[in-house]
Amino acid sequence: MLRRPEYRKALVFCGLIGIPVSLIAFWFLVAITELEQLIWTDWPRDLGWDQAPWWWGFPLLLVSGLVVGLIVSRLPGRGGHLPARGLQAGGITASSLPGVLLAAFFSLPLGAVLGPEAPLLALGTGLALLFGRLAKAPETKAGTMLLGAAGSASAVSALFGNPLVGAVLLMEVAGVGGPQLFALMLPALLASGIGALVFTGFGHWTGLKPASLDIGLPPAPRLDTGDVLWTLLMAPAVALLIHAAFVGGRYAAGFVTRRIVRNTTLCALGAAGCIALYAVATGRSPADAALSGQAALGELAADPHAWSVGALVAVIGFKSLAYLLCLGSLRGGPVFPSLFLGGAAGVLLAPLPGFGLVPAMAVGMAAAVTAGLRVPVCSVVLVVLLLGNVETVPVVVLAAVISFVVVELLPQGPEIPPFPDQPAWTRRPRKG
């Protein structure tokens with residue numbers, strides 16, 4: 001394929017497109033982050049509160065539900081992919097970009113329990129196709145797919161800060177290789193994880209060290225039998241929690257399709273109610289249970305002792321319910337809320353005998369992301385890179401495989417009905 005001139009030209013063009021796409025993705029993320037800080041931290045302090053009051057999410061999510069409902073019902077592209085369907089690649093056109101961006105800006109900073117990765121995928125795809133059209137690139141099916149994948153990968157890599165995550169995520173989300181890929185990859189992933197556990201455990205037991213690729217990084221906490229045994233119990237429990245949220249999200253999505261604007265607003269207000277109940281029950285900021293959880297996860301990892309057992313139980317319960325409602329109504333991605341919920345479960349269970357904080361968080365995050373996205377390899381790569389701890393790779397692999405198998409064997413919930421046809425004036429006219 002590399003010997004074909006058209007493929008080499010496409011490769012160079014995709015590389016060039018990555019520059020403006022990643023720059024736009026960078027400023028999109030900066031804008032979302034700054035708005036979240038402004039709305040949930042700066043404004044309450046300017047008004048005299050130490051933190052946002054318990055009712056803070058109601059007016060914000062009321063506006064979010066109303067505006068997103070109007071975008072979904074009126075604009076081309078319906079504001080992007082419905083989060084309850086998971087993370088999806090493709091299906092985005094340049095004409096749907098305004099609706100995607102508006103829906104993201106009226107969902108994420110206003111408290112939706114969703115992340116920015118789905119809008120970024122759509123943004124990357126739409127921008128790549130737009131730039132390709134401006135450059136008068138040939139609009140073949142293969143070329144369009146190549147441009148869209150390159151734009152999505154470039155935008156997502158800006159979010160995760162690593163090109164490997166973007167490439168692996170696109171490979172799994174796009175379904176390259178189809179079911180045969182998972183049929184081959186899952187047993188290989190499981191065998192490699194168990195092999196690493198046996199290899200590591202036997203080396204610790206005997207004190208011997210065979211030749212291996214080791215560049216002498218500082219030592220990390222060693223895994224032991226307790227970490228492995230608790231992984232076997234924790235991974236399916238976390239998978240059930242996240243899967244239940246997605247099944248509930250599918251029911252919420254079916255509810256929303258009946259009357260889009262009204263029911264989107266009701267779901268958003270329901271999420272605000274969950275956020276308020278968390279704040280009232282714990283006395284903590286409602287921002288803990290709102291938003292994507294990206295900032296809160298960093299705070300949780302840096303100082304887990306600042307969270308009481310009651311606060312951890314409350315944030316897992318109420319944020320899961322808010323997540324469920326947002327999955328079926330607002331617009332955003334499912335990755336970061338899953339990561340936060342899995343990480344919070346890890347902090348909650350870390351004091352169990354023989355468990356450790358780092359392995360517990362790693363297992364929870366891997367199981368949660370795999371349950372939500374059904375991308376076990378990408379989940380392993382993402383969690384290992386986020387934690388920066390290679391010692392936990394075996395239990396991360398084990399948790400991802402267990403989670404994937406559990407959710408695949410469970411009932412998947414109802415089919416999400418199609419949205420009613422948009423008004424004729426919002427549809428693009430057919431050529432000819």
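**A pocket and its surroundings**

Tutor: The second largest pocket holds about 650 Å³ of space. Here a pocket is an open set of points on a 1 Å grid over the protein atoms alone, with protein on both sides within 12 Å along at least five of seven lines; lining residues have an atom within 4 Å of a point. Points are joined across faces, edges and corners, and the volume is the space filled by probe spheres set on them. The model is predicted: local features need pLDDT of at least 70, side-chain atom pairs need 80 or more, and totals for chains, interfaces and linings use all residues. Residues are numbered from 1 along each chain as its sequence is written, and side-chain values use heavy atoms, without hydrogens or water.

Helix α1 (5–46) gives the largest share of the lining, eight residues. Both α1 and α10 supply at least two lining residues each. (Helices are DSSP runs of H or I, at least four residues, numbered from the N terminus.) By type, the lining splits into 13 nonpolar, nine polar and six charged residues. In this count Ala, Val, Leu, Ile, Met, Phe, Trp, Tyr, Cys and Pro are nonpolar, Asp, Glu, Lys and Arg charged, and the others, Gly among them, polar.

L291 sits in the loop between α9 (260–282) and α10 (294–302). Its relative accessibility is 10%, so L291 counts as buried. (Buried is under 20%, exposed over 50%, partly exposed in between, with a 1.4 Å probe and protein chains only.) The backbone of L291 also stands out: phi is near 65°, a positive value in a residue other than glycine. Most residues other than glycine have a negative phi.

R374 has a positive phi too, near 60°, and is likewise not a glycine. R374 lies in the loop between α13 (357–373) and α14 (376–387). With a relative accessible area of 22%, R374 is partly exposed.

The whole structure has two of them. (A salt bridge puts a side-chain nitrogen of Lys or Arg within 4 Å of a carboxyl oxygen of Asp or Glu.) In one, R374 pairs with E408, and the closest N and O atoms are 3.0 Å apart. E408 belongs to helix α15 (residues 393–409), whereas R374 is in the loop between α13 and α14, so the pair ties together parts 34 residues apart in sequence. E408 has 42% relative accessibility and therefore counts as partly exposed.

The other bridge joins the side chains of R284 and D288, at 2.9 Å from N to O. Its two partners differ in cover. R284 is partly exposed, at 22% relative accessibility. D288 is buried, with a relative accessible area of 8%.

The model has two cavities of 30 Å³ or more. (A cavity is a set of grid points where a 1.4 Å probe fits but cannot get out.) The largest cavity holds about 60 Å³. G79, G80, H81, V100, A118, P119, A122, R331 and G332 line it. Helix α4 (residues 117–134) contributes the largest share of that lining, three residues. The lining of the largest cavity divides into four nonpolar residues, four polar and one charged.

Two contacts across the sequence remain. L101 is in helix α3 (residues 97–105). Its relative accessible area is 27%, so L101 is partly exposed. L101 and L123 are 22 residues apart in sequence, with 7.7 Å between their C-alpha atoms. T257 belongs to helix α8 (residues 225–258). At 7% relative accessibility, T257 counts as buried. The C-alpha atoms of T257 and P420 are 7.1 Å apart, although 163 residues separate the two along the chain.

Back to the pocket, then. Then follow α1, which brings eight residues to the lining.
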